[in-house]
Amino acid sequence: MNVVPRDLMTEIPVSPADFRGAMRHLTGGVSVITAGRGKDISGMTVTSVTSLSVEPPTLLVSINRDASSFPLIRRHGAFGVNILNADQLDVAERFAGKGGLKGADRFAGARWVTAVSGVPLLVGALSAFDCEVEEIVERHSHGIVIGRVRDVRSSTRTAALAYWHGQYVAVDQDEDAARLAEVSLPARTRRGV
Ligand SMILES: Cc1cc2nc3c(=O)[nH]c(=O)nc-3n(C[C@H](O)[C@H](O)[C@H](O)COP(=O)(O)O)c2cc1C
């Protein structure tokens, strides 16, 4: 049963600008969703992917119902999730619509393999998931798409691409650990005194 607390519904509405401003503080891992088959394909950059359950392996992603991928996901009942590595900034930008490329044209310039479900998966992604649609919950402007993971490919790389405060940032384990060690050291030690 869905419960919406009454006092939440009667309070003064939060403005879109305030909401957007507050959400800029949330760091999001960048993924590309893929959908469709053959030449009838599209994809989009998202930060809304999250794990739903491990057993069974399911994830969810929130997709604007006006996005070109949405009807493809609904029609084919499948989608791919590709977690981008730090070097795949160009892919992120293309699939976010930069340069005006649409549909199959967004896939040029990167290597793809076809998953069992028929959706393209990105070669070199940190992880790539082949998902079967379990349920789509349409709410407001978006659809919450729940996917059962049917296949997974993982790379040994760790440097990830994230989005934070309106810009792409690289998250690299080793570099970040080194930087953390650097700032944690007492100033005297850092200066070699
Ligand atoms: C970093 C980033 C994250 C995004 N996350 C989402 C998301 O989670 N859901 C969504 O519907 N759109 C998201 N978008 C917007 C879509 O990538 C963008 O609207 C895309 O062009 C939609 O594809 P279309 O032009 O083929 O409809 C995001 C954009 C960026 C730059």
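Here is a short chat about how this predicted model is put together.

Reader: Let's start simple. How many helices and strands are in the chain?
Author: The chain has 193 residues, and 33% of them are buried. Along it, the count of secondary structure elements comes to six helices and 12 strands.

Reader: Over how many bridges do E6 and E9 pair?
Author: These two strands run antiparallel to each other. As one landmark, Asn82 stands opposite Ala128 in E9. The number of bridges for the E6 and E9 pair is six.

Reader: Which residues have the most contacts inside the largest nonpolar core?
Author: In soluble globular proteins, nonpolar side chains tend to be buried together. Here the largest nonpolar core has 17 residues, and the elements giving two or more of them include strand E2 (31-37), strand E5 (58-64), helix H3 (69-76) and strand E6 (78-83). A second, separate core has 12 residues, among them Ile41 and Leu122. Back in the largest core, the residues with the most contacts are Ile33, Ile63 and Phe79.

Reader: Which residues does Phe79 touch, leaving out those up to four places away in sequence?
Author: Its contacts include Thr34, Leu59, Val61 and Ile73.

Reader: What share of the contacts with a separation of 6 or more comes from residues 24 or more positions apart?
Author: Taking the contacts with a separation of 6 or more, the share from residues 24 or more positions apart is 63%.

Reader: Why does the salt bridge of Asp87 and Arg157 tie together parts that are apart in sequence, and how many residues apart are they?
Author: The two side chains meet at 2.8 Å, N to O. Asp87 is exposed, with a relative accessible area of 56%, while Arg157 is partly exposed at 36%. Asp87 lies in the loop between E6 and helix H4 (89-95) and Arg157 in the loop between E10 and strand E11 (160-164), so the parts they tie together are apart in sequence by 70 residues.

Reader: Is Arg94 buried or exposed?
Author: Arg94 meets Asp90 in a salt bridge (3.9 Å, N to O). Both lie in helix H4, four residues apart, about one turn of the helix. Asp90 is partly exposed at 39%. Arg94 has a relative accessible area of 13%, and buried means under 20%, so Arg94 is buried.

Reader: Which residue does Arg150 meet in a salt bridge?
Author: The distance is 2.8 Å, N to O. Arg150 lies in strand E10 and its partner in strand E9, so the pair ties together parts 18 residues apart in sequence. That partner counts as partly exposed at 37% relative accessibility, and its name is Glu132.

Notes
Residues are numbered from 1 along each chain as its sequence is written. This is a predicted model: local features need pLDDT of at least 70, side-chain atom pairs count only at pLDDT 80 or more; totals for chains, interfaces and linings use all residues. Side-chain values use heavy atoms; hydrogens and water are left out. A nonpolar core is a set of buried Ala, Val, Leu, Ile, Met, Phe, Trp, Tyr and Cys residues joined through side-chain atoms within 4.5 Å. Buried means under 20% relative accessible area, exposed over 50%, partly exposed in between (1.4 Å probe, protein chains only). Contact means heavy atoms within 4.5 Å. A salt bridge is a side-chain nitrogen of Lys or Arg within 4 Å of a carboxyl oxygen of Asp or Glu. Two strands pair if DSSP finds at least two bridges between them.
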